[in-house]
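Subject: A structure for you to look at

Hello! Here is the structure I promised to pass on to you. Please open it next to this email and follow along as you read.

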Amino acid sequence: MRVVVCIKQVFDPAELKVDPSTRLLVTDGVSRKISDFDKNAIEEAVRLKENQKAETFVITMGPADAMRALREALAMGIDNAYLLSDPAFDNSDTLATARVLAAAIRKIGNVDLVLTAEASMDGYSGMVGPRLAALLNLPQLTYVRKIVSVGDGKIVVERDLEEGYEVVEAKLPALVTVTKEINEPRFATLPKIMAASKKKVDTWGAAELGLSKEEVGLSGSAVQVMKAEAPVMGRKNIIFKEGELSQQVEELVKALVKEGVLKV
Amino acid sequence: MRMAVLVFSENLEVAAELLGKGRELANDLGTKLAAALVGSGVKGKEKELFAYGADVVYVVDHPSLSTFFPETYTEALAKVVELAKPEVLLIGATKRGKETAPRLATKLNAGCAAGATSLRIDKEKKLLIAERPAISAMVVATEFSKTKPQIATVPPRTFEKPPRDDSRKGEVVEVKAEIPPVEKKVVELKAKEMKGIKIEDAELITSCGRGFRKKEDLKLLEELAGLIGATLGCSRPIAADLKWLPEDHWVGLSGHKVKPRMYMAVGISGQVQHLAGMRDSKIIVAINKDPDAPIFKVADYGIVGDLYQVIPALISYLKSKKG
């Protein structure tokens, strides 16, 4: 069985700040990391390797720095990695991104299972997985909290929906998006990190993937972002610090009564 | 010439909300307002959609649609789009809507604004301008699609349900669609533990996060909630990982979006995904022992302290007032 995990390197949300004068995001010097739930997808693939002898692949679209994310996935136990990087890919929306990932998955070939996260931490649109499934004409199994079984050309999963947990069986090949609850991702050990750093990782650009410039990047994107600004929160930011706790509590209650949200 | 604003949600409550907003967009575009009714044995439900403002309802009633699969619903909706030629397509961002919209958009080679919190028409350019939280919900992105139909998904309760008018009538278009079977089957639907609360309706919410050390300790917050008439909310780990509370209490981007008159976050650090679910609350109160917790940045009022001391103090003060 061949399993491909698609991951994304994102700005560490803990380090992101807004410039109060411009209300724009400050990304200079902000470190990047693998999007949280992508690690759950990696972990699930590694478990399929351990339990089912799956051959595992990881791909990411991004700048040269995204190589670090791939090395981390290799250190967690993934067998092979490809970096999908080309200046032509810059500013791709979810459609253009899915085209790049789909081309790479076709190039890897004979893939039985594609794993992505339910959504990325930054965009949080949850669109790339289903778009990828549509481009590859695969059945999609989203919000998967448990892979019940996989083998004999089929997969059974448990999906986390509003109305309950839906146990679904689908034929392979298929695409699965996982939730944070599916597993506890492992930490890479130092020897594995060392080994992963020496592994050969190819970079594929538009030419290697057989994609034209019109299909990718800004020109291949359907969505155009006009601006991205921090919302004006207009919050009071009053912290009751004075005196004993009993005084702070009293002031809080009085403030809430004054706001008309509490009655005492 | 594109003819309509089309809305779809498998959840008729959400469809009604979309019709409310859809009417405004249709007026600005000078088009009709249409709704898609998709499923098996759904005929008859079009009255609901007319009552909330649809001029036309496209009905795709097919036995293959008795189970919701994004693959088959994509086929059905693509057929409706082909007939209705909508300028704008709004899809309710329930979990099923969120997984179907991108599949449909890809089939139509179109963009999609995911989780739009605001929608308007640029009348001159006939563009749908969408606002949505982006980059870990730190910013609001304003965007439009270069492709038609212009698609957006809209989270439940983003827009108000319009007044119901049972006397409204409209045109029914029965859509004959070929729905190729999908090689998938639902083996079982396991029930989730739900208390049946609707946190979106709560006026006051006291919400708990990882600051609570064990499930039994939630009693503290329950007591406070009882005193002030608040509903219990929680962050992702409490509902999804620890399962200390059923998911109908979960506030956040993947949980419920709430706008109460007061939201009190207790022992919640304020991860961006949580903030996205409660940032529209009228008054936000934060109680956390970490003065640098992001929740304080979005709070109107706060106390920096150990919740195991602050909450009992709050309870005893409120009790003393009530005598």
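Two notes before you start. This is a predicted model, in which local features need pLDDT of at least 70 and side-chain atom pairs count only at pLDDT 80 or more, while totals for chains, interfaces and linings use all residues. Residues are numbered from 1 along each chain as its sequence is written, and chains are lettered from A and ligands numbered from 1 in the order in which they are written.

**The whole chain**

Chain B has eight helices and 16 strands; helices (H or I, at least four residues) and strands (E, at least two) are DSSP runs, numbered from the N terminus. The radius of gyration of chain B is 22 Å, close to the 20 Å that the globule rule gives for 323 residues, so the chain is as compact as a globular protein of that length. That radius is taken over C-alpha atoms, and the globule rule is 2.2 Å times the number of residues to the power 0.38. Of the 323 residues in chain B, 56% count as buried. A residue is buried if 20 or more other C-beta atoms lie within 10 Å of its own, exposed if 12 or fewer, and partly exposed in between, with C-beta atoms placed from the backbone.

**The seven-stranded sheet**

Now look for an open sheet of seven strands in chain B, with parallel pairing and the order β5-β9-β4-β1-β2-β3-β10. Its edge strands are β5 (112-113) and β10 (171-174) of chain B, each pairing on one side only. Two strands pair if DSSP finds at least two bridges between them.

Strand β2(B) (residues 32-39) has six of its eight residues buried, so it is largely enclosed by the rest of the structure. β1(B) (residues 4-8) pairs with β2(B) in the parallel sense over four bridges, and B:L6 stands opposite B:A34 there. β2(B) also pairs in the parallel sense with β3(B) (residues 56-61), over six bridges, where B:L37 has B:V59 as its bridge partner. β3(B) in turn pairs with β10(B) over four bridges, again in the parallel sense.

β1(B), α1(B) (residues 12-29) and β2(B) make a right-handed β-α-β unit; right-handed means that, with the strands pointing away from the viewer, the path from the first strand over the helix to the second runs clockwise. β2(B), α2(B) (residues 46-51) and β3(B) make a right-handed unit as well.

**Around β12**

In β12(B) (residues 204-208), four of the five residues are buried, so this strand is largely enclosed by the rest of the structure. β12(B) pairs in the parallel sense with β14(B) over five bridges, and with β13(B) (residues 231-234) over four bridges. B:I205 stands opposite B:Y263 in β14(B), while B:S207 stands opposite B:G233 in β13(B).

Which residues of α8(B) are buried? They include B:L307, B:V310, B:I311 and B:L314. These residues cover an arc of only 95 degrees around the axis, which puts them on the same side of α8(B); the arc is that of the directions from the helix axis to the C-beta atoms. On the other side, B:S316, B:K319 and B:S320 are exposed.

Enjoy exploring, and write back with any questions!
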